Structures are given as C-alpha cells and as structure tokens.
Amino acid sequence: MGMTMTQKILAAHAGLSEVKAGQLIEADLDLVMGNDITSPVAINEMKKMKNQNVFDRDKVALIMDHFIPNKDIKSAENCKCCREFAARHELTNYFDVGEMGIEHALVPEKGLVVAGDAVIGADSHTCTYGALGAFSTGVGSTDMAAGMVTGKAWFKVPAALKFVLTGKPSKWVSGKDVILHIIGMIGVDGALYKSMEFTGDGIANLSMDDRFTICNMAIEAGGKNGIFPVDELAAAYMKEHSKRDYKVYEADPDAEYEAVYTVDLSELKPTVAFPHLPENTKETGTFGEVKIDQAVIGSCTNGRISDMRVAAEILKGRKVAKGVRCIVIPATQNVYLQALREGLIETFIEAGAVVSTPTCGPCLGGYMGILAAGERCVSTTNRNFVGRMGHVDSEVYLTSPAVAAASAVAGRIVCPCELKD
Amino acid sequence: MKANGSVFKYGDNVDTDVIIPARYLNATEGAELAKHCMEDIDKEFIKKVRPGDIIVAKKNFGCGSSREHAPLAIKCAGVSCVIAETFARIFYRNSINIGLPIIECREASERIENGDQVEIDFDSGVITNVTKGETYQGQAFPAFMQKIITAGGLVNYINEK
C-alpha cells in the first residue's frame, strides 16, 4: 500500500521504510517550538526530568508572541522564565521584543523549517508549516518538554483526507476563503486525527501566504496537520528564507485517502464564519446586515505582507466607519517594516486604523482589542468560540483581510465588491 | 483504577477557550487555573464540582488551542475522568501526558445525563451508570498509551526509560 506525503515524512523520521495509518511510532524532530504561554509550563515539566539538557540548541525555538510586550506582571514573569531558560541553554532561536513575530509567521520567515521536516510546537497552529511540505503539528507543553530533551515525539500515524484544488480564485478570494469553505463543508471535527493533504492544479494559483493560511487552520477542522506538495513557488520561498537543505516527499499514486474532496477555487466567494464555530460559514451577499464594532487584521492566520497589501488596497483613500475600531497587526517585524516601506502603514493610519507591534493579542482575548458585552468584531483570526476575544456575550466573525478591511469601512460585514469608489 | 462521581454534562465541541479562558493563561499553576475551569460555559461548575466528579460531553471535546492548561484545570478542579464521544487530538495527547483519565464512548456520551452517578473501571473500560442502572463499554487505551498512564505521565515514562 502506498503512503501519503505525511506518512512518508513520518516513516523517514522514525527510521522505517513504511508506516500505516493507526501505527504508533517515535519520530526524530527537526524543530521543537514554544511560546510565552506554553513554554513556561514545559520548562517546569522539564525540571522534573532526569536529563535537564536540550537535545540540540539549534533545534529548540522559543518565541515570545502571545502577551508581549508584556501585558501584566504575570506575563512578564512568564517571559522572564523563558528568557532565562534560553540564556541558560544558549538557544540559537530565542525571539523576544524587537526580534519576535507571531510564531507561525516568524518560523518560516526565519527559515527554521523546510520541506521534509518533522516539527512539533506547543501551539495548535503549528500545522501552518505544512505549506512548505513539512510535517508539523501542535502539541501540549509536556510533549514540548519531552521533545526539547529527547528530540523525539510519539505519534499515531494519521489517516488522510485529500483536497483537490482546481481553478483560479476570483478577485477578493484568498486562502482564508478556501479554508473557511472547507471547514464549512467538513465541520470542526471533519478531519479529526487526520492529515489534510492539498493537491491539484489550482495550487499554482495560490501564493505562499495563501497556503500558510490554509494549513494554519487545518486544526480548526480537527486535523493533525495540513500539507501542500513542494512546487517551484515553495522551493523559491525556501531558497530565499533558509540556508538549510530540504527534502521533497511526494504522495504515492496508490496512497490511501479516507475521502477525496474537489474544490473549484473559481467558484468560491468571500466567506465569513459566524459565531461561535469556524464551521458556521456563509458567503458574503447571502446574509442580512451584520453591524460591527471592531475589525482586527492580523494573527498567525492573516498577518503576512500580502494580507497587509490587500487591506491597504481597500482602505486607501477611504475611512474606517465612525464607531468602528480597526486594529491592524503585522505578524512580524519584517512584515511591519515592509508594510512601512510600501506606504501601507501610512494608508492604515490615514484611514483611521491603528497599527500595533506584532502580537497574538486580541485573537485569543489576551489584550490589544478586547470586546465588551454585546460587541461584534470582524476578524482575520482563526477562532470564534464563545468569549474568544473578550466578554462571553461578544461575537467574532472570521473573514479574510479583504472582507475585514471592507467591513471596517462599511461598518457592517460586506464583500469589498460592495464598496463604492 | 476506578472513578466514581456525579456528572456534569455538556454538548458538542466544548473548546479550550471555555474550559480555561485565555485571560487566565498568564497563570501556570493548576490550582489557580482550576478556579476558572469551565467558567465561560458553566459559571456554576466550579462552585458545585466535588472531588471525583465526572465530565461527560459529546463530540470533539477540547477542540481549539494546545493549552495544556485546559486538562490541567479540569484535573485540578478534582474531576476524575472525562467521557466523550470523541476528543480533539491535542487535548487527548495532553490528558494522557499529564495523567487526566479520559475515555471515548459514544453510548455513554448519549445516555448519561447531568447529575447521574457514574462509576468507571479503567482496567476494563466499563462505565456504570448507577442512576440509570446501565453499563457501557468504553474504548481501552492502546498498550503504548497505557504505559504512559501507568508511569504517571510522559515525564515519568521518559525518566523510567
């Protein structure tokens, strides 16, 4: 029986010629990562271990991004714990204020992950790096601690779902709409424990940023990982960002998939996930007036340069509606700087938006845009659970940066095509 | 190993944000996290829960974030076991790794109601609903995971290796 891309990467990292869905394996890791929320817990767990050393100081990355610059004393203590740990173990990849970015935008940008890698991160959106043809998945702090010490993790080899993407997305349709459409189709547990393997000629019409966004939200369908084949665009991205050699794995022609779905990208419309689950999707134009109080453009899902560009394209020469707070958060220092150089930041500020230093901040209701009771936010983030961005009686509507920017101008959720010039 | 307690029943897709809201994630200690366990879905939970009590839910329990703070908050609130039709995969891993017993059982998830008195035998996977006089067969762990649980979590398992 043939293997999927994911199964081949896992087999190679377990030193096996073949693996099957359901098999329990121990795999070598190319990167173990954590953030300022999950790492302190992992560091405490590591203190209980006999071996107190990290397996490879180049292959452990700690990225301060959730509550920093520190939002309160406890957050400051957590970052201090990480900072001291990184210094003690002489970690090569420790990113703090000034160098940090939102981890899942920063890790690929810094070239820390390449095709063929096996990566765990103590953050559920670690599945993002599948866009580069790597196996990467989210774990908890104890797995992170074990990974930091042993350089290994146990996995149940996942079964797979195949998504054949065809056609070219129309104007204002992006990776976010693709993944929201898929989650709407299969549900928030539609890919539970499974890999989501993307393929088809439509991939050529998706930018790397689109692919990162799609893989990022594999977890929102319950997936273990999302993964794209490595094409010229992915190869060029890795060449630009990383000095490391990469290895391309391709799914066997007779690889087994539990289901195959075909998605014609040309038929997709800008999509919105209504509260309180990412599967509650509706296409713009199919629902009545949804007024908003806030728009958030950023996060590990949509804080990359192409997201900033499309938001600026819409906000250029326009104003954020009175009564709406529009918060733009470039995901990394590089994205911020690039946006500054291209004049995008000026566009945001002139439109009446605010621009923040990189942080996960409002996405998980941390800070920098918390909602009061009864308030509604249109957001390019990844979750719209009860209380996710603040009060339990607030609401989050997940969209692309294009829809979020257009909605900030209109004061209600709209497709950019509905805005007057 | 056995568990025995009264049930707090919830529905599908109980996510990690309602199990422990991110506004409390600046804390790392289980006891502190437990004070806010289930707060955004059931404000009464933490007032009513007694040591040994059991959470029963439907599909995809623990979906969302990788925060280990979620199973930790549940464990430190005194809950002896979570039964669900299915669990989100990171929550499942985390529970095994920190030693919070969890069992997948569709029948139990469907039949057990809020307030029912339930007993669980972890060796056999048999769940007994004392209130209704019914038993359900839960799924036993694969041998590998059983080893981690028996060792008292992943850290001990690695230390013993």
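This is a predicted model: local features need pLDDT of at least 70, side-chain atom pairs count only at pLDDT 80 or more; totals for chains, interfaces and linings use all residues.

Residues are numbered from 1 along each chain as its sequence is written, while chains are lettered from A and ligands numbered from 1 in the order in which they are written.

**Sheet.** I found 5 strands in chain A forming an open, parallel sheet, ordered E4-E3-E2-E5-E6. Strands here are DSSP runs of E with at least two residues, helices are runs of H or I with at least four, both numbered from the N terminus, and pairing takes at least two DSSP bridges. E4 (93–95) and E6 (135–138) of chain A are the edges. I checked strand E5 (118–121) of chain A against E6(A) and got 4 bridges, with A:Val119 opposite A:Ser136.

**Chain contacts.** I counted 43 residues of chain A in contact with 36 of chain B, contact being C-beta atoms, placed from the backbone, within 7 Å. H5(A) (141–150) is among the contributing helices and gives the largest share, 6 residues.

**Core.** I looked at the largest nonpolar core, which has 202 residues; A:Ala295 is one of those touching the most other members. Such a core joins buried Ala, Val, Leu, Ile, Met, Phe, Trp, Tyr and Cys through C-beta atoms within 7 Å, buried meaning 20 or more other C-beta atoms within 10 Å of the residue's own, again placed from the backbone. Helix H13 (401–410) of chain A gives the most, 8 residues.

Definitions and conventions:
A residue is buried if 20 or more other C-beta atoms lie within 10 Å of its own, exposed if 12 or fewer, and partly exposed in between; C-beta atoms are placed from the backbone. Two residues are in contact if their C-beta atoms, placed from the backbone, lie within 7 Å.
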